[in-house]
Amino acid sequence: MKQPKIIVVGGGLAGLMATIRVAESGVPVDLFSIVPVKRSHSVCAQGGINAAKNQKGEGDTTAKHFDDTIYGGDFLANQPLVKRMCEAAPGIIDLLDRMGVMFNRTPEGLLDYRRFGGTLYHRTAFAGATTGQQLLYALDEQVRRHESEGKVKKYEGFTFLSAVLDDAGVCRGICAMDLRSMEVKTFAADAVIFCTGGVGAIFGRSTNSVVCTGSAQSALFQQGVDYANGEFIQVHPTAIPGEDKLRLMSESARGEGGRVWVPRNPLDKRPAKTIPEADRFYFLEEWYPKYGNLVPRDIATRAIHRIVFQEKLGLAGQQAVYLDVSHIPRETLDRKLEGILEIYEKFLGVDPREEPMKVFPGMHYTMGGMWVNAEDQATNVPGIYAAGECEYQYHGANRLGANSLMSCIFGGGLAGPAALKYAKNLEKGADSTDSSVFSREQKKQEAKNQELISREGSENLMVIWRELGDTMTEHVTVTRINKNLEKADAKLVELAERFGRVNLSDRTMWSNQTLNFARELGNMLLLARVIALGALARNESRGAHYKPEFPERDDANWLKTTRAKYVNGEIKLTYEQVDISQIPPRARRYDAAK
Amino acid sequence: MTEQKQVIVRIKRQASPKEAARWEEFSLSWRPSMNVIICLRDIAENPVTRGGKKTTPVSYDSNCLEEICGSCAMLINGKARMACSALVDALEQPIRIEPLSKFPLVRDLAVDRQFMFESLKRVKAWIPIDGTYDLGEGPRVSPEIQEAGYPLSNCISCGSCLEVCPQVNENSKFVGAAIISQVRLFNMHPTGAMHAKERLTALMEPGGIQDCANAQNCVKACPKGIPLTESIAEVNRAAWKQALLGWFVK
């Protein structure tokens, strides 16, 4: 075989890292992204990235990072790969540092570290409160360097439609659409790495960016890539509600000393700043004295829901609590948190250095994703690899804050060389695949566009999307009740049926964003069912998955990975054992030290 | 019941680069905390003009909706700014929305800003690391350097600084303030400084720093508050110093 060819789909942290690893070994990469890669959703990550560097002399170790991650994930993650990630983390920080990331520094010129949820150590390196942006830019710059040397070819403004599979079910490339000309084209590759991010749009409003629809994952699922632990959805405790999106207020606000509270008397009309300490209810600190405001996200989110919906202590009867940093010196806030405080100030017109912020939990992250093996990010379809938020491997039932940036870079760094090794070992590469394999996939996708654009129904895409988001947010986020999940699934079936009768308000073939969104929405409706059905089946409470009817974790019956398959047009849930070879499961509690 | 408050929006539409531009006006239901993105989404849901004419949803670029991805820059009431942070209540109505004018138009409000990414290549805006394998820690960086560099590295490539610059026009290749500021950032980093000369040389070529005419519009338009004029002054000094030294050595 001649030189192998690798495609990477998605230009966030995972995709860029995979690209760099392949390109630096001298093999060309085609990089596909809906948006210019510098505008990927990774830029929204705020607080930091975890690595047990023990820079503060607290006795932190990679073993402790590993234990915190497994415990925080309620023992659902397969352990060996998580262990490898935690061990690799300090080296990854060094690499990012060498790439020139403007991390905050100590007076000695070393990296500064702060605290984050679910740990008692200062383990989180950070660049202000825009760490994701800074890391993405560093990788973007490295990819641009490889691009200028001809090793990377970018296809920005292209959306992935489907994998090209040969008769033996082996991936030989992708089918993608140029979002300007709306042309559908196929691209050959010996291996494809998917780094297509989160699924926020399935929940209507979330902290995710517009492109985070899960459409690529759903398309691949329908082509035979299994989807694991879909029911594990992280709801971040502190977001600013908005009609277009829920804007994240990073956990780092609490890592730097921010406190969550409500007035003890819900009728208290005094301005927040004038309410004396004794009349404030710091409920996280009272309920979880050891971790306080830095309990993991699932715990903090449920506590806020309890305060608002059961204790009826929401601010002025509304769905909001205070996140307060106004007691922290202004100089510290500006040096360490400016990015997020600016967001609050710009979008709400209130200075959080002076007034406590009003926040409420919002859909944030999917722990579940495409099934990948325990060694090297390979999915169950030969030639297809996955890394980053779109796969399921690292976070179990709940992700710890500042672990996602690490899992993206580690996973992407693993997937690149793995895909390359696979491609080099192929007896017959994509170059010897019959051209009919490509042309039939192209025709299929063109026909799909044509069918969509000529539908003559009365349904509106935006209305179906809103109903999808409302259904998922109400029934498939923080509290899950079986009869409601059944209702939600019935609703999803109804929406899919109505989707068959949509009428596209734009039928032109130049930069038609409506057609693209229609394709995404069709895929979202199916992936939503994978999430809802997984939640319905899992009769226990574990990490972010909470069922009042089954309030305890049930290791005897449910210490297993959900592995959804798509068989003859039906979603089929199967289960497999979790690898707990390193740390035996134990009860998870945050009111005392572990 | 009082009548529902309305928001009047006028949008410059253009179906493709080859077709003529036209204006369309929309009347939308006002809600609290409405921004320009919400207006565009309302139109997508019901693409009917104020005059009752059916039209298509508006094409535009957007992604993060929290002013950090740089996608949704457009002209709003004549000012280059991000649509996501443009709150309706703070805007004079009718709100006029147009695409950025200094970049090739794609459709409606969507433009092609590839020029900025190509310019980043031109000035080698990266730290040339030896490889991603384990080579130990990076160089020590003083808090002073970090505090000066971090704001520069906040550039979201939105293009606002190019849009407002009188030197950026059809006849010029001027790279613009954002790129010059990136040169300052990389030349400030201990490893980046080893290759400062290459970047300065690139900026001495046509379209480089000498094309700046000191209008200082860029710094006022930057949504991230980057000290662009300070960057231009500093890079200018360094570039001239390098050029003069080169001269004397000859």
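What percentage of the 250 residues in chain B is buried? Okay, hold that thought for a second while I do the housekeeping. What you see is a predicted model, where local features need pLDDT of at least 70, side-chain atom pairs count only at pLDDT 80 or more, and totals for chains, interfaces and linings use all residues. Residues are numbered from 1 along each chain as its sequence is written, while chains are lettered from A and ligands numbered from 1 in the order in which they are written.

Buried residues come to 47% of its 250 residues, where buried takes 20 or more other C-beta atoms within 10 Å of the residue's own, exposed is 12 or fewer, partly exposed is in between, and C-beta atoms are placed from the backbone. Chain B has eight helices and seven strands; those are DSSP runs numbered from the N terminus, H or I of at least four residues for helices and E of at least two for strands. Its C-alpha atoms fill a box of roughly 75 × 40 × 30 Å along the principal axes. Now take the contacts in chain B between residues at least 6 apart in sequence: 63% of them join residues at least 24 apart. Contact here is C-beta atoms, placed from the backbone, within 7 Å.

So how does chain B meet chain A? We have 56 residues of chain B in contact with 56 residues of chain A. On the chain B side, the elements giving two or more residues are helix 1 (36-45), strand 6 (105-107), helix 2 (114-122) and helix 3 (143-152). Helix 1 of chain B has the largest share, with five residues. By class, that side has 23 nonpolar, 23 polar and 10 charged residues. For the classes, Ala, Val, Leu, Ile, Met, Phe, Trp, Tyr, Cys and Pro are nonpolar, Asp, Glu, Lys and Arg are charged, and the others, Gly among them, are polar.

Most residues other than glycine have a negative phi, and most peptide bonds are trans. In chain B, though, Q93(B) and P94(B) are joined by a cis peptide bond, omega about -5°. P94(B) is in the loop between strand 4 (79-82) and strand 5 (95-98) of chain B.

Over in chain A, D74(A) is not a glycine, yet has a positive phi of about 55°. D74(A) is in the loop between helix 2 (62-72) and helix 3 (79-98) of chain A, and counts as buried because it has 25 C-beta neighbours inside 10 Å. S511(A), also not a glycine, has a positive phi of about 45°. Its loop runs between helix 14 (482-499) and helix 15 (513-537) of chain A, and S511(A) has 22 C-beta neighbours inside 10 Å, so it counts as buried.

Notes. Two residues are in contact if their C-beta atoms, placed from the backbone, lie within 7 Å.
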